[in-house]
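Hello,

Here is the structure I promised to pass on. Please have it open while you read the notes below.

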Amino acid sequence: MIHHYKQMEPDIHSSVFVAHDADIIGDVTIQEDSSVWFQTVIRGDVAPARIGRRVSIQDLSLLHQSPNMPVTIEDDVTVGHQVTLHACTIRSNALIGMGSLILDGAEIGEHAFIGAGSLVPPGKKIPPHSLALGRPAKVVRTLTEKDYEEMARVRKSYVDKGQYYKQHTDLGQSF
């Protein structure tokens, strides 16, 4: 469901795949070649949600904000299944592993990898090019060339899948 909140309407580029059972509400912007997968909720009813190009927000994820604290996701980000992003910033080329929670004021650096099931507490900054994991998340090492290759593979696979679903199924919404 794509729905307004008060006078705010989602602004979703025509190339974006949005699953038929995803909910996008209010002050939400999603740029080119991104994808919002099944049963995901993006609510822009407290502050803006800004999603860049070639971002995948995978199944069962939730994006929301706190007053004066938007959710910002830059270009080429992968957000795994069942991730909660709340009033945080995710920089370009980051990957957020399945089941992770990224909380208010947290910032994930460029090319950072958050391991599955991690909790990034409020205000925590994860530096660029690092692997962080745990509850609370701690940086465990610098990423390797192999890590970057795998992150790029996953990112590309979701851009390609999103475009396929958009063009070849009736499981998406039209804009």
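The largest pocket in this predicted model holds about 150 Å³ of space. Of the 13 residues that line the largest pocket, G80, L95, G97, M98 and V154 are the closest to its centre. Two elements, β13 and α1 (145–168), each give two or more residues to the lining. The largest share comes from α1, with three residues. Sorted by class, the lining has seven nonpolar, five polar and one charged residues.

Next, the sheet. Eight strands form an open sheet with mixed pairing, in the order β3-β5-β7-β10-β13-β16-β19-β20. The edges are β3 (17–18) and β20 (138–142). Each has a single partner strand, so one side of each is left without a neighbour in the sheet. Strand β13 (residues 95–96), named above for the pocket lining, runs parallel to β10 (residues 78–79), and two bridges join them. V79 has I96 in β13 as its bridge partner.

Last, R54. Where is R54 placed? It is in the loop between β6 (41–51) and β7 (56–57). R54 has a relative accessible area of 30%, so it counts as partly exposed, the class between 20% and 50%. Leaving out residues up to four places away in sequence, R54 touches E32, D33, S34, D75, D76, V77, R155 and V159. One of these, D76, makes a side-chain polar contact of 2.6 Å with R54. Another, D33, is 21 residues apart from R54 along the chain, yet their C-alpha atoms are separated by 4.8 Å.

Best wishes

How values were computed
Residues numbered from 1 in each chain as written. Predicted model: local features only at pLDDT ≥ 70, side-chain atom pairs only at ≥ 80, totals over all residues. Heavy atoms only, no water. Pairing = 2+ DSSP bridges. Helix = DSSP H or I, 4+ residues; strand = E, 2+ residues; numbered from the N terminus. 1 Å grid on protein atoms, 1.4 Å probe; cavity = no way out; pocket = protein on both sides within 12 Å on 5 of 7 lines; lining within 4 Å. Points joined across faces, edges and corners; volume = space filled by probe spheres on them. Nonpolar A, V, L, I, M, F, W, Y, C, P; charged D, E, K, R; others polar. Buried < 20%, exposed > 50% of the residue type's maximum accessible area, 1.4 Å probe, protein only. Contact = heavy atoms within 4.5 Å. Polar contact = N/O pair within 3.5 Å; in protein donor to acceptor, adjacent residues only side chain to side chain.
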